[in-house]
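Let's walk through this one together, starting with a sheet and then moving on to the helices. Have the viewer open as you read.

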Number of protein chains: 2
Amino acid sequence: MSLIVVGSVAYDGVETPHGKVDRMLGGAATYISLAASYFTPVKIVAVVGNDFAQEDVDLLASRHIGLEGLERVADGKTFFWAGVYSADMNDRTTLRTDLNVFAGFDPKLPASYRAEPYLFLGNIQPGLQRSVRGQMGQVRLTGGDTMNYWINDFRAELLETIKQWDFLLINDSEARMLSGEPNIRRAAARILTMGPKILVIKRGEFGAILFHGDRHFMAPGYLLEKVFDPTGAGDCFAGGFIGYLAGRKIAEVDFADLRRAVIYGSVMGSFCCERFGVDRFRTLTREEIEVRYREFQDCTGF
Amino acid sequence: MSLIVVGSVAYDGVETPHGKVDRMLGGAATYISLAASYFTPVKIVAVVGNDFAQEDVDLLASRHIGLEGLERVADGKTFFWAGVYSADMNDRTTLRTDLNVFAGFDPKLPASYRAEPYLFLGNIQPGLQRSVRGQMGQVRLTGGDTMNYWINDFRAELLETIKQWDFLLINDSEARMLSGEPNIRRAAARILTMGPKILVIKRGEFGAILFHGDRHFMAPGYLLEKVFDPTGAGDCFAGGFIGYLAGRKIAEVDFADLRRAVIYGSVMGSFCCERFGVDRFRTLTREEIEVRYREFQDCTGF
């Protein structure tokens with residue numbers, strides 16, 4: 001009963017007001033898988049180059065993430081991204097994007113992955129997301145992420161893709177763009193007619209809103225005393241969300257499960273920001289996660 | 001057992017994407033008083049000119065707001081402000097500010113006000129706020145609002161003033177400016193050493209955070225399907241917050257009371273945005289307030 005995670009595995013160069021790292025493990029699938037691995041077995045589908053370091057393989061393996069679907073291209077380099085954050089870390093500027101082997105990514109699921117019940121499709125070309133879904137059998141929960149580029153320039157293909165999804169996780173500006181509706185509540189109502197029955201709109205430091213049927217649930221962002229590096233926080237949110245649901249191993253999730261999944265998403269996103277890159281996941285324990293979950297209860301209940 | 005509210009009563013010209021009103025009742029003390037009046041008796045301290053309309057007096061009186069402290073200047077005009085909101089209503093541009101009689105506002109409390117136990121000092125010159133506090137006897141809860149102008153240009157006087165306050169309500173950029181600390185959690189910790197034991201940081205559509213001792217509570221903003229006019233929403237939040245606490249009539253408020261007060265603040269702020277200016281308060285009932293309070297419980301509990 002594993003969760004399949006498809007997306008980018010990369011090296012990142014990141015500069016924030018708290019420091020600078022020239023090259024470290026990154027990529028959406030990396031963050032999603034690491035965060036989800038605290039709740040459920042995970043199997044990754046991604047591509048890397050000949051420069052992908054053994055220590056990074058070891059980190060993923062230490063979290064029991066299945067790597068059979070991690071394709072290695074012998075004559076290529078791993079996707080590289082570099083960016084710098086603004087003083088308040090709410091904006092970032094991309095300095096470099098070398099797609100490298102990711103440009104030719106054509107995800108092929110190992111046979112052992114195809115009967116798994118949970119699928120998270122990270123932010124890649126919508127046609128590829130659909131292809132992956134097609135390689136799977138019956139799936140209990142399928143969903144994923146997308147971005148402004150696919151919404152604007154691959155709209156028809158994206159709509160065709162998310163039609164098959166149970167859930168969609170996007171940020172507020174993407175929700176406005178996808179729906180053509182500036183009001184978030186009405187944007188959500190429109191998106192819920194496009195296929196996904198579960199919509200999570202991420203609002204960065206302000207948390208997230210879950211929409212399901214005609215109900216919604218609002219989770220705040222955790223108030224960190226120090227944000228070291230927000231890179232990957234949204235992906236860790238996604239990993240906590242789907243990881244928790246997959247870990248429940250139930251046939252049908254209800255609104256109470258979904259609420260808790262959103263809180264676990266916020267918890268995992270908050271831990272991500274406490275260190276550079278994936279560093280927090282080298283030491284994070286499930287017990288720390290539960291402590292923070294209870295902190296969320298304490299600071300939202302009335 | 002009344003709440004004294006000190007601040008501006010004004011006429012506003014407002015343009016939002018949903019319409020334009022050239023002149024309507026406004027002002028911080030107006031919004032605070034109207035919102036608070038659903039929970040507790042209110043007495044206002046403000047100044048208006050000879051143009052202040054009987055229908056506006058009647059509206060305040062219909063909410064049982066005491067008007068003995070509403071000074072009328074026979075040869076002056078009421079404070080007038082006009083502004084236009086951006087398409088997403090998160091920014092506004094001031095088109096006109098005629099202080100008129102408000103420029104000479106020197107609040108004098110009627111004798112009948114001086115023994116009341118609750119005092120809310122709206123955003124006026126900090127020296128005037130302190131003068132009002134000095135005119136009162138023993139007060140159970142004193143606090144109020146301020147703004148960037150006083151924080152920057154009247155810092156010493158403001159610090160002297162809030163030293164005497166039990167609570168302070170400001171927005172996030174004001175909290176950063178007052179504390180000199182960009183991180184909100186650390187900004188709050190620093191402000192709690194300046195006098196107020198209770199701090200509420202308002203975050204507009206993203207809700208508010210309450211800080212008290214080493215605990216905090218986060219309330220989301222209500223998800224409106226249509227925001228007609230956000231003018232006065234922050235003041236209505238303040239009115240709901242202090243109005244609820246005053247209405248409790250208890251000697252010492254605890255953290256549970258404060259959490260509920262923040263939710264009532266969010267409730268009142270949300271109603272304010274549903275119509276232009278103060279219009280929503282012409283029909284709003286306490287029952288509608290309770291329904292929305294329960295909606296907050298439903299969309300935040302997990």
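Start in chain A, where nine strands form an open sheet with mixed pairing, in the order S5-S4-S1-S8-S9-S10-S11-S12-S13. Strands here are DSSP runs of E with at least two residues, helices are runs of H or I with at least four, and both are numbered from the N terminus; two strands pair if DSSP finds at least two bridges between them. At the edges stand S5 (65-72) and S13 (215-219) of chain A, each with a single partner strand, so one side of each has no neighbour in the sheet. On average, neighbouring strands are turned by 15° against each other, direction ignored.

This is a predicted model, so local features need pLDDT of at least 70 and side-chain atom pairs count only at pLDDT 80 or more, while totals for chains, interfaces and linings use all residues. Residues are numbered from 1 along each chain as its sequence is written, and chains are lettered from A and ligands numbered from 1 in the order in which they are written. Chain A averages a pLDDT (the predictor's confidence in each residue, from 0 to 100) of 97, with 100% of its residues at 70 or above. For the model, ipTM is 0.93 and pTM is 0.95.

Back in the sheet, S10 (residues 167-171) and S11 (residues 198-202) of chain A run parallel and are joined by five bridges. A:Leu168 sits opposite A:Leu199 in S11(A).

Now hop over to chain B: helix H9 (residues 255-272) has 18 residues. Of these, 14 are buried (20 or more other C-beta atoms, placed from the backbone, within 10 Å of a residue's own).

Definitions and conventions: Expected span 1.5 Å × (residues − 1). Buried ≥ 20, exposed ≤ 12 C-beta atoms within 10 Å, placed from the backbone. Axes fitted to C-alpha atoms, helices over the stretch in contact; angles between N-to-C directions.
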